[in-house]
Amino acid sequence: MTRTPKSGPAAEKPGADRPADESPSLIDDLNEHPGHLFRRAQQISTSVFYATLGEHITPIQFALLNAIQHHPGVDQVTLASLVGLDTSTTAATATRLEEKGLIERRLEVVLRRQRKLYLTGQGVRTMEGMTQGLTDMRKQLLSRLSPWEQETLMRLLRKFVEVNNEFSRAPLGEVSRLPKGKRNSA
C-alpha cells in the first residue's frame, strides 16, 4: 500500500491513512520502530562496507584505526569512549589490530600501566588505502537521496546520537578528555 502524505492531526498518527478495519501488517508495525530501522540501516551499511572495502578490516576495527589516526598515543579507555565501545571490546579489538600489524600498543608504566596506541607504518598505509573506498561507500549509501535529504539524514543522525548518548551502554566521550597535545580536529 502506498501512503500519501496528509495534513492535519490525522497525518501525525501512525496508520492514520489506513482504513479503520485494516490492521497494520507486521512490516508496517516494525517500520514504526526507530530501533528496527536503525538495525536495518546498520545491516545495509555493514554490507556495503564489506562489499566496498573487503573483509580485511571490520567496521569496528576501522573506527578504532580512525580514532588512533586522529589521536596518536590515545590510551585504550579514552579510545573506547571516543568511539562508543565498551573497554573490553576495545581491548580485544586493539589486540587483533596489533596482531595484524596495524597498531602498536606501548605500555606506559608511569601512567598506571596504560597502553598508548599508535598506528604502525602498515596501519597508516591501510588507512590511506581505504580513503577512496570510504568515499565510494558514502556515495553509494547516500546516492539515492537528494542532496537535501542527505544533509538532513546526517544532521538528524548526529543529533539523535548526541541527545540519546546517555542511554548507551558505552556513551561517547569528549575529545576534551584527551591530554593537551593529543587533541586533533577530527
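**Reading the surface, the helices and the charge pairs**

Trainee: Why is K159 called exposed?

Mentor: Its relative accessibility is 52%. Exposed means over 50% relative accessible area, buried under 20%, and partly exposed in between (1.4 Å probe, protein chains only). K159 therefore counts as exposed, at 52%. Before we go on: this is a predicted model, where local features need pLDDT of at least 70 and side-chain atom pairs count only at pLDDT 80 or more, while totals for chains, interfaces and linings use all residues. Residues are numbered from 1 along each chain as its sequence is written, and side-chain values use heavy atoms, leaving out hydrogens and water.

Trainee: Where does K159 sit?

Mentor: K159 is part of helix α7, which covers residues 147-164. Helices are DSSP runs of H or I with at least four residues, strands are E runs of at least two, and both are numbered from the N terminus. The chain has seven helices and three strands, in the order α-α-α-β-α-α-β-β-α-α.

Trainee: What makes the patch around K159 positive?

Mentor: R138, R155, R158 and K159 gather there on the surface, and Lys and Arg count as positive, Asp and Glu as negative, with His and the chain ends not counted. Patch members have over 30% relative accessible area and no salt bridge; like charges are joined within 9 Å, and nonpolar side chains (Val, Leu, Ile, Met, Phe, Trp, Tyr) within 5 Å. Each charge is placed at NZ of Lys, CZ of Arg, CG of Asp or CD of Glu. Helix α7 gives the most to this patch, three residues.

Trainee: Which residues make the nonpolar surface patch?

Mentor: F38, L153, L157, F160, V161 and L172 make it, and it covers about 450 Å². Accessible areas come from the Shrake-Rupley method with a 1.4 Å probe; for residues, only the protein chains shown count as cover. Again α7 gives the most, with four residues.

Trainee: How do you know that L157 is partly exposed?

Mentor: L157, which lies in α7, has 31% relative accessibility, so it counts as partly exposed.

Trainee: And what makes L79 buried?

Mentor: L79 is at 0%, so it counts as buried. I68 is itself one of the buried residues of α3, along with Q61, F62, L64, L65 and A67.

Trainee: Why are R105 and E98 called a salt bridge?

Mentor: Side chains of opposite charge can pair when their charged atoms come close. The rule asks for a side-chain nitrogen of Lys or Arg within 4 Å of a carboxyl oxygen of Asp or Glu. R105 and E98 are 3.0 Å apart, N to O, so they qualify under that rule. The structure holds two salt bridges; R106 and E104 also make one, at 3.2 Å.

Trainee: Are R105 and E98 buried or partly exposed?

Mentor: R105 is buried, at 17%, whereas E98 is partly exposed, at 31%. In the other pair, R106 is partly exposed at 35%, and E104 is partly exposed at 33%.
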